[in-house]
Amino acid sequence: MWGSSGTPGDSFYEVRSECTDVPKSRFKIKAGKTLSSRKWHAAFSPEGRLDIGKTLSRIHRGGIHPSIRGEVWEFLLGCYDPKSTFEEREQLRLRRRIEYARWKEDCRQMFPVVGSGRFITAPVITDDGQPIQDPIVLMQINPDSGQALSSEEYFKANGHTLNPASALEPVKDKKIIQWLLTLHQIGLDVVRTDRTLVFYEKQENLSKLWDILAVYAWIDTDVGYCQGMSDLCSPMIILLDDEADAFWCFERLMRRLRGNFRCTDNSVGVEAQLSNLAAITQVIDPKLHQHLETLGGGDYLFAFRMLMVLFRREFSFCDSLYLWEMMWALEYDPDLYSVYEDSDTDGVRAEGSGSSKGKSKSKRHYGKYERENMKVKGSEAPLPISIFLVASVLKDKSSKLLTEARGLDDVVKILNDITGNLDAKKACSGAMKLHKKYLKKAQKT
C-alpha cells in the first residue's frame, strides 16, 4: 500500500472496463505525506477529542488515505465538533439518523417511490398540480410486473393509501407541487452522475443518491434541488456506507455552497462569486481582465461550472476529492460546527465556511488559508478559496488566452482543454499565492 513512488489514488474507485478515456488520477498515496489511518487515530485523546491541528498540514501536503476519507470529511465539513468525545458524537450521529429517517418517511408518504430502491426520470405532475400518468414512470416504479400498472393499481398493490402523488387527485399544496416537479430532474441527473464508476452500476446506489437529493430538496425549501447537486453529493454516497451519514455530510457541504444555487427572477447566486472572480483577476492580471472584457466575457460566466460543482468536471474523480479535502483543510475553522448548530437552533440555515475573526483559539487549529484571512482587519466575510483556484487557472492560461482567444468560444475551448490535465496540489498552491498577492494589493488601494 505504501510504495516508495506512491499508490495511485484511483485504485480505490474502480472504473468500468468499457470507459477507456477516463483521465488518470495524479493523486498518489505516499507514506509520510498522506494522512494515514494510524496518524488520524493518533490525533484523538482516549476520550475521543480530536487535536485537528495535527492533521491539517498533512492533508494539505498529501491528502487523505481513501480508507478514512469519509470520517475525516465529516470533521472538515463541520458535522462534528473536534472537542467532542466518542460518546457525544455517537449520540449525535444517532439523533441525526433518526431525523433523516423521519424526513425520508415524510417524503415516502407523499411519493412512495422514495425509499423503494427505485427512482424516476419522467415527470409525475404538471406545474398546476395535475397528475401525469407517464408510462415511463409507471414502468420504473413497478419494473417486475411485466406491464405498466396504473398509478392507482401501483399504490394499492404496494399497500399505500392514495395521496396527492397517486395521480388520482390534483395537488394543491404549492410546496408539494414544487417538490414533486423536481423528482424526475433529480433522476435524470442521477443516471448521468459519475457513470464511469463501477459503484453506480448497482441500482441500489443510484436510488440512494436519488433518495438523499429528494429528501434534501424537501427540507431546503429556499433552494430545493438544482442541477449540479448530484455531482456534489455523489462522493458522500461512495465514502460513507450509512445513507443518513452521507446525507448529513452533503448537507454540511451545501451550507458552503447553497448560496451559489439560490436563484431569483433576476439573478443566480453564483453571480456574486463570478463578480468577485472578476475583481480578483482585475487586480492580479489586469491585461487578462481587459482582454476578457473586450471579448464580452466580463461577467466571467465561462467559469460558472468550475464554481458550481467545485471542479468536478475539470479533474478526475479521485483528484477532485483530493482537491476538495485540501481546500477544506486550508479553510478549516474549528468553530464551524458551533456556527452551524447554533443557527439550526435559531431556525436559520447558516452558510459559508465560517468566520473566526476575534476568536482567541490556538491558530494551529485553523487552516492556513483561514489564518491568512484572520490577519485582515474588517467586517466582510472572507472569499472562499475556490474563487482563487479559478483565478489561478486563469492566471496559468493567461498567455494562451491573450494570444489565442478571439472570442468567447475560444475562451471556453481553452478552459475545456484543461480537463484531466490539472494538478490539484499545484492548483491549491497557486490559489494560496494569488490570495496572498491579492490581499497585499487590495490593502494598498
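## An enclosed helix

Twelve of the 17 residues of H7 are buried, so this helix is largely enclosed by the rest of the structure. Buried means under 20% relative accessible area, exposed over 50%, and partly exposed in between, with a 1.4 Å probe and protein chains only. Helices (H or I, at least four residues) and strands (E, at least two) are DSSP runs, numbered from the N terminus. The model is predicted: local features need pLDDT of at least 70, side-chain atom pairs count only at pLDDT 80 or more, and totals for chains, interfaces and linings use all residues. Residues are numbered from 1 along each chain as its sequence is written, and side-chain values use heavy atoms, with hydrogens and water left out.

H7 covers residues 174-190. The helix reaches 25 Å from its first C-alpha to its last, close to the expected 24 Å. That expected span is 1.5 Å times one less than the number of residues. The buried residues include Trp179, His184 and Asp189. Ile176, Ile177, Leu180, Leu181 and Leu183 are also among them. The buried residues of H7 pack against helix H4 (86-110), helix H8 (203-219) and helix H9 (229-239). Contact here means heavy atoms within 4.5 Å.

At the start of H7 sits Asp173. A side-chain oxygen of Asp173 reaches to within 2.8 Å of the backbone nitrogen of Lys175. A polar contact is a pair of N or O atoms within 3.5 Å; within protein, one must be able to donate a hydrogen and the other to accept it, and residues adjacent in sequence count only if both atoms are side-chain atoms.

## The whole chain

The protein chain has 20 helices and two strands. Of its 445 residues, 53% count as buried. Take contacts between residues at least 6 apart in sequence: 71% of them join residues at least 24 apart.

The accessible surface comes to about 20,400 Å². Carbon and sulfur atoms hold 49% of that surface. Areas come from the Shrake-Rupley method with a 1.4 Å probe; for residues, only the protein chains shown count as cover.

## Ile64 in its loop

Ile64 lies in the loop between helix H2 (53-62) and helix H3 (69-76). Ile64 counts as buried because its relative accessibility is 0%.

Which residues does Ile64 contact, leaving aside neighbours within four places in sequence? They are Phe27, Thr34, Leu35, Ile59, Arg69, Val72, Trp73, Leu76 and Glu325. Glu325 is 261 residues away from Ile64 along the chain, yet their C-alpha atoms are separated by 7.6 Å.

## Aromatic pairs

The structure holds 21 aromatic pairs. Rings of Phe, Tyr and Trp (its six-membered ring) pair if their centres lie within 6.5 Å; planes under 30 degrees apart count as stacked, over 60 as edge-to-face and the rest as tilted. Phe75 and Tyr80 form a tilted pair, 6.0 Å centre to centre with 50° between the planes. Phe75 is buried at 5% relative accessibility, and Tyr80 is buried at 4%.

Tyr300 and Phe302 are also a tilted pair, at 5.3 Å and 35°. Tyr300 is buried at 0%, and Phe302 is buried at 17%. Ring pairs also link Trp40, Phe44, Phe75, Tyr80 and Phe86 into a cluster.

## Cysteines

A disulfide is a covalent bond between the sulfur atoms of two cysteines. The cut-off used is a pair of cysteine sulfur atoms within 2.5 Å. By this rule the model has zero disulfides. Cys19 is partly exposed at 21% relative accessibility, whereas Cys428 is buried at 0%.
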